[in-house]
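Colleague: Could you walk me through this one? I'm new to it.

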Amino acid sequence: MFAVDQIIDYNSYGRPAMAYVQYSANNTAFSAFHFTRGQSLPDAVGADLPVALVTFNGANPLAGMVYQADGVAATQKINDIVFTKTQIWSGTGSAVALGSYDRVDQYAFALGANIGEHVQIRGEEIRARESSGFLGAIGSGGFSTADGAAIRLHGVSLRLSLNAATNRFEAFATYRRGAAQSNFADSILSRINANLSQSTVGVSWRNHVNAVALAYSQPLHVTGGDLGMKLAIGRTDNGAVMYNTPTVVLNPGIRQVNWELGMTHRLNQNAKIGMNLIYVKNPANSPGLNHDAGLLLIYGARI
Amino acid sequence: MTATLDYNGAAAQSVGVAVLDSGINTSHQEFTGNGGKNGVGGPIVSGGIDTTAAMNNAYPTITGTTTPQDSTHYSYVGPSTHGNFVASIVAGANIGYSGNASLYIEKITDTSTASSATVAYGFGDAATKGMSFANLSYGLDPISYYKLLADQVAAEQAAGQTGINNLTDMQYAQFQNVINKGMGLIVAAGNTTLNFSTSNNTTSTWSTSNPLYGQTLIVGALDSTHNNLASYSNFAGDDPNVQKRFITAPGTNTGADPTSNTAYGSFSGTSSAAPVVTAAAATLKSYWSFMTPTQVDQRLLDTADKNFNAMWSIHTCGASGSLNCGNYYFGQGRLDLPAALAPAGVVVTTTAASVPAASTGGAYANRQTAPAQAARLVIPAALAPIQQQVRAESVGIQGFDTIGRNYTLNIAPAISTATDPTQTLGYEMQGFIDGFMNKGQSSFTAFENH
């Protein structure tokens with residue numbers, strides 16, 4: 001037995017925002033995918049929710065920072081309970097406001113277990129490499145760098161799901177933590193060692209007509225660590241440069257938290273209404289704001 | 001006028017300057033105390049000698065004065081007041097151009113003339129005493145004179161003579177000491193309205209291979225407007241090698257009159273201009289002690305002002321025999337100390353082990369340029385609280401110009417925070433709108449085979 005599943009999402013410009021094709025046979029599935037910023041893959045924890053932010057914050061770390069990425073994945077069922085998933089993707093982005101180019105290459109491995117029909121738990125190990133940025137240059141709290149950064153995260157995710165007739169209830173949680181490191185041979189910023197964390201928790205319910213979700217998330221962010229500087233403070237008569245090498249503690253100070261409530265109601269095959277309420281505490285990219293909130297009422301129709 | 005004017009120099013740096021002249025009144029108020037205007041550094045006058053007596057003591061059989069002489073007195077006796085004026089212009093407590101020079105007095109005469117042998121000994125003694133520069137406001141072309149001595153010594157050596165047997169040998173040895181120590185010689189051009197090149201026959205004596213060439217500056221005098229050569233001043237002339245070592249400076253300055261401890265007077269001539277240049281050299285070196293006198297001299301030449309006289313727009317000298325071009329009169333131009341103090345090229349910080357140890361200008365193969373991060377360090381908005389700390393740590397960071405001189409940089413304005421507009425709520429919500437119709441969309445099975 002085999003099956004080929006595919007999804008193609010288009011953005012408002014009519015361009016593919018996400019394309020996913022999976023070939024599955026027996027206990028193995030292979031997939032290839034393309035996604036753009038803000039689009040999560042169909043099997044990512046926390047994906048497919050009628051809310052705006054969690055859909056990618058809960059998915060692949062750094063995926064929310066690339067403009068577009070391509071990758072492949074393989075899922076192997078060890079037995080009826082245990083499975084492994086290996087995913088590799090490479091994406092490009094740019095450090096906004098700096099104009100530099102950044103490539104993110106990510107390798108992820110997950111060991112998961114489906115406990116009964118309703119519980120899935122998996123542990124993850126994620127390695128990423130940025131070519132010229134540090135945590136997406138700016139987006140998630142990183143720096144623009146010339147030498148790039150190596151990122152290592154490990155985490156755990158839990159998904160509870162319950163299907164009853166046409167209703168699907170789901171609760172999910174992910175937590176990842178790790179470190180990102182950069183060393184710079186030719187910069188006054190000689191190194192960065194940052195501790196990172198990312199977490200998402202949410203619940204959702206939906207049927208063929210309605211969907212409701214509530215999610216709480218903390219995007220990938222810096223929780224601590226330090227950076228080193230190499231500052232020329234003088235020279236000797238023979239030209240040797242003297243340096244001061246202070247260490248600056250990375251006190252994040254600002255920790256963004258998102259609360260999201262979303263709901264949708266499908267009026268028919270071609271029309272849909274929705275509401276999205278977002279509250280952001282300490283929005284990292286809006287200096288001076290302690291709170292930010294948005295309410296969105298939307299009606300969409302296909303013609 | 002941007003010549004020198006009251007530039008104090010770096011604190012706590014004393015640059016040794018020898019003044020070969022007619023001695024000073026050590027009790028004059030310009031020479032008491034420490035460190036000139038700011039009271040920094042060592043004493044204004046660190047000491048001195050009666051140069052002639054010291055020479056006689058050093059070479060009794062050559063000079064014919066075998067009875068030991070008292071060489072400790074370098075005070076003004078008269079009739080010449082020249083030395084007191086010159087020394088005060090270099091480093092006087094109130095009127096000196098340099099707040100950093102520490103003077104060593106080589107009293108070579110009491111009159112308006114001095115023996116060339118005494119001058120040579122004075123130069124050599126000053127070099128031995130560790131002076132960085134020696135000011136000579138008496139008429140002697142040291143480069144030509146050294147060439148003369150060197151030729152004579154070479155002839156002696158060709159004839160099998162070795163050692164110091166006569167005044168020529170002694171003077172040659174003194175100049176060799178100057179060369180070995182690298183001391184800078186700053187010499188007045190003279191006040192006879194002569195072409196320095198022809199009057200000293202420099203085409204046969206000056207060459208870039210002459211060891212003293214790079215260590216010597218010849219100073220012409222500007223008139224009271226500072227825009228024209230003084231009517232009396234000798235000028236560089238038509239020898240390009242002279243033009244490259246010739247510089248001009250204000251020729252009328254207030255100096256200390258030794259006839260009383262509080263007397264002053266106007267002092268004019270290339271004798272007055274030379275100490276202005278010497279003071280500038282001392283000031284420059286006070287900031288960068290690693291600069292050799294040769295490098296300091298070259299920096300003064302390289303940065304001399306050439307935009308003050310119409311002669312600089314005349315370029316027809318030479319073939320026609322005309323001499324009214326800028327460099328024929330002013331050499332490299334008018335002393336411009338602020339320009340000499342200003343960075344050569346772009347100042348960049350570095351992370352390299354070393355910067356150019358020394359050079360006289362130009363580009364360097366091993367020059368380190370600042371990486372982009374040094375020029376612009378962007379801290380993400382989410383980490384904005386550390387911005388001030390990073391800025392504070394950067395205070396005092398040093399940058400280096402193309403000749404390795406360090407300057408304090410203020411990079412705080414370049415340490416900024418940046419936001420990512422694609423991470424704002426409004427942008428996210430727009431993305432939500434774009435994908436709204438696809439939210440919750442299920443995959444479909446394209447093929448299935450059981």
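**The sheet in chain B**

Modeller: Start with strand β1 (residues 15-21) of chain B, which runs parallel to β4(B) and is joined to β4(B) by 4 bridges. Strands here are DSSP runs (E, at least two residues), numbered from the N terminus, and helices are H or I runs of at least four. Two strands pair if DSSP finds at least two bridges between them. This is a predicted model, where local features need pLDDT of at least 70, side-chain atom pairs count only at pLDDT 80 or more, and totals for chains, interfaces and linings use all residues. Residues are numbered from 1 along each chain as its sequence is written, while chains are lettered from A and ligands numbered from 1 in the order in which they are written.

Colleague: What stands opposite B:Asn135 in β4(B)?

Modeller: B:Val19 does.

Colleague: Which way do the β4(B) residues point?

Modeller: B:Phe133 and B:Asn135 point one way, B:Ala134 and B:Leu136 the other. All are buried (20 or more other C-beta atoms within 10 Å of the residue's own, C-beta atoms being placed from the backbone; exposed is 12 or fewer, partly exposed in between).

Colleague: What is the strand order in the sheet?

Modeller: β2-β3-β1-β4-β5-β6-β7 of chain B, an open sheet of 7 strands with parallel pairing. β2 (45-50) and β7 (246-250) of chain B each have a single partner strand, so one side of each lacks a neighbour in the sheet.

Colleague: And how does β5(B) pair with β6 (residues 216-222) of chain B?

Modeller: In the parallel sense, over 4 bridges. B:Ala188 stands opposite B:Val219 in β6(B).
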